Number of protein chains: 2
Amino acid sequence: MDATYEAWTGPTAGDTVGTAGELAVLDRIVRRLPAGAPLLGPGDDCAVVAAPDGRFVVTTDMMVHGPDFRWAWSSPADVGWKAAATNLSDVAAMGAVPTGLVIALAAPQDTPVAVLESFADGVREAVTALSPGCGVVGGDLSTSATFTVSVTAFGDLGGRPPVLRSGARVGDVLAVSGELGRAARGLARLFREGVDPQGEPSRATTVASGADTDPDVARQRRPVPPIADGPAAAAAGATAMLDLSDGLAIDAGRLARASRVTLELDADGPLDESAVHGGEDHGLLATFPPGVALPGGFRRVGVVVDHGAADLVRGGAPVPTTGWDPYADWDGAAG
Amino acid sequence: MDATYEAWTGPTAGDTVGTAGELAVLDRIVRRLPAGAPLLGPGDDCAVVAAPDGRFVVTTDMMVHGPDFRWAWSSPADVGWKAAATNLSDVAAMGAVPTGLVIALAAPQDTPVAVLESFADGVREAVTALSPGCGVVGGDLSTSATFTVSVTAFGDLGGRPPVLRSGARVGDVLAVSGELGRAARGLARLFREGVDPQGEPSRATTVASGADTDPDVARQRRPVPPIADGPAAAAAGATAMLDLSDGLAIDAGRLARASRVTLELDADGPLDESAVHGGEDHGLLATFPPGVALPGGFRRVGVVVDHGAADLVRGGAPVPTTGWDPYADWDGAAG
């Protein structure tokens, strides 16, 4: 067993998923999950979810121990929160209201059941805080040498067209909602101060350095995407939108290329380096027709201009729009 | 790299997901996947799928290298086929027509890109053979020390109520569709003849023993669930139905308990030991009102009676309804 687990759960008395068995584990975690209001919930071959306007949006995302999270830095509840939050954010980025999640989870057999219970608590806390009314409508429990979570989320467009990445028009206002740069600052601090002398993630140095209680580290563990601002943007007439998962620059590059425009960041705007290049905040980037009153937490950061030599510019200079590639860039470490 | 891969793909010239990078890998596999007819396919934060009757069914299932498949026994294309087929079968077991899949896949960085291309070929072959018109509408690529596939499938009930496990009534006819016992016979042969002297799965002994070309082994690798019989059963008035994933006995026990009835197998019926207890064929088990003409490939195997001392009986004797538990029963081996 990864002994780090007990730093989060306390003593588990050897009560593992392997000794408890699938049915007992399932029973203990399902009761902790938010039920939502599906037409049919877990327990049959499929769940049944309402799709009142005759369509639904769907997104899926897998989180893997090692490249995506470390037990030295994130608790099981943090992993549950983040798995739910990042998928809810993708639904919001289409302009849809989240209607349900399904979660597949594979854990090593020596994983304490308390770890899965805490994971479920984190899912519930995220859904309750970010998208109340949504629920976990189904799932699957498996075993694996690598702790792995796969979430699929659904949403209702409420009769509106989906807000794509490709709809930005020259003259539109570029706006963001949600925090920018905090999750990346938190991750940078963990890599700097939350490691042992060999550079491996360490629970002990994370606590001793004070990183454990850094509010930016809290945002890295538990991003707070502005879910309600997604449908609000759609209702306000947003022409393009996407979830800021990899950082404003990378994601702005995607929107610009899909829309065949250049995005020009305000030269004197409030965005610092970590706000432009830091990922994992899961805010929203959207474009609105000029003159539209920006809804919710959206604030202007730039404007859409004719496509030029670069996809993203600021003060006349190109801003790089590349970054993290899970296949090329993960170093194989876990911990 | 797991050298066994090259037994399936041939020389890969070191072209791995780690050297190719996410975008190139994605580009090479998406073109091999069936597109289906989503309202919006891959490429944005979410896909958009039609739900013409205002609801959709959803199921999710994770397949993990080690407990769920071995590269010595199954090719990457076989794993793709099975990942698609088993989820399509869950959709059919509600009486729904499959409308789309999303697939999250995590592979070690040294996995040849050819392995993922073959996986995609297997998904396409399964969907084309079993549920033409359905497609892969979205997905996620990640990296992991453990090759992991998570499929979520959707379906359309076509205005009918879902066929639950809980609707069987005393006097109903118990019927099955699809093959029974072949996948389990194939797996038993692999464990018997497809291993090295230490009992580890071996590509060499699988080929040398002839197991590699055994038609039952082919069914273990590529189950052929009778997808169209799911909606056909619903249209014919099936009162209860489920997918035979863990074997007739275990799955009949689930249906019996959900419906609070006992299922009585015909004493002189055609079911042998492997048909009653063998899993992974992904046929359908359903109950129909007496007198209904059984649709498609369904044939009678028993009758629903008042709930008695056992959930499943045959010739007056109880039939055990327990079996494989992934948390309790996997021995931790892969290969």
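1. Let's start with one pair of residues in this predicted model. A:Ala175 sits opposite A:Arg300, a residue of β10(A). That pairing belongs to a set of 4 bridges joining β6(A) to strand β10 (residues 299–305) of chain A, with the two strands running antiparallel.

2. Strand β6 also has a partner in β9 (residues 283–288) of chain A: β6(A) and β9(A) pair in the antiparallel sense over 5 bridges. If you want a spot to look at, A:Leu174 faces A:Thr287 of β9(A).

3. Is β6(A) open or enclosed? Strand β6 (residues 173–177) of chain A has 5 of its 5 residues buried, so it is largely enclosed by the rest of the structure. Both of its faces are covered: A:Val173, A:Ala175 and A:Ser177 are buried on one side, and A:Leu174 and A:Val176 are buried on the other. As background, side chains in a regular strand alternate between the two faces of the sheet.

4. Now step back to the whole chain. Chain A splits into domain 1 (5–156), domain 2 (173–179 + 224–318) and domain 3 (184–221). Going by C-alpha atoms, the centres of domain 1 and domain 2 of chain A are 29 Å apart.

5. How do domains 1 and 2 of chain A meet? Contacts run between 13 residues of domain 1 and 15 residues of domain 2 in chain A. On the domain 1 side, the elements giving two or more residues are α4 and β3 (97–107) of chain A, and α4(A) provides the largest share, 6 residues. By class, that side of domain 1 of chain A has 8 nonpolar, 4 polar and 1 charged residues.

6. In chain A, α4 (residues 76–92) has 17 residues and spans 25 Å from its first C-alpha to its last, close to the 24 Å expected at 1.5 Å a residue. Of those 17 residues, 17 are buried, so α4(A) is largely enclosed by the rest of the structure.

7. Over in chain B, have a look at B:Leu130, which lies in helix α5 (residues 113–130) of that chain. B:Leu130 has 23 other C-beta atoms within 10 Å and is buried. Setting aside neighbours within four places in sequence, B:Leu130 is in contact with B:Ala85, B:Leu88, B:Val224, B:Pro225 and B:Ile227. The C-alpha atoms of B:Leu130 and B:Pro226 are 7.3 Å apart, although 96 residues separate the two along the chain.

8. On to the two chains together: 60 residues of chain A are in contact with 61 residues of chain B. Strand β2 (residues 55–64) of chain A gives the largest share of the chain A side, 9 residues. Sorted by class, the chain A side has 32 nonpolar, 18 polar and 10 charged residues.

9. The strands cross the chain boundary too. Strand β1 (residues 47–50) of chain A is joined by 4 bridges to strand β2 (residues 55–64) of chain B, and the two run antiparallel. Within that pairing, A:Ala50 has B:Arg55 of β2(B) as its bridge partner.

10. Finally, the symmetry. Chain A superposes on chain B by a rotation of 180 degrees with 0.0 Å of shift along the axis, at an RMSD of 0.0 Å. The two copies are thus related as by a two-fold rotation axis. The same surface serves both copies, since 100% of the contact residues of chain A recur in chain B. Which residue of chain A comes closest to the rotation axis? That is A:Gly54, whose C-alpha is 2.4 Å away.

Definitions and conventions
Residues numbered from 1 in each chain as written. Chains lettered and ligands numbered in written order. Predicted model: local features only at pLDDT ≥ 70, side-chain atom pairs only at ≥ 80, totals over all residues. Contact = placed C-beta atoms within 7 Å. Nonpolar A, V, L, I, M, F, W, Y, C, P; charged D, E, K, R; others polar. Pairing = 2+ DSSP bridges. Least-squares fit on C-alpha atoms with pLDDT ≥ 70 in both. Expected span 1.5 Å × (residues − 1). Buried ≥ 20, exposed ≤ 12 C-beta atoms within 10 Å, placed from the backbone. Domains from an automatic or database assignment.
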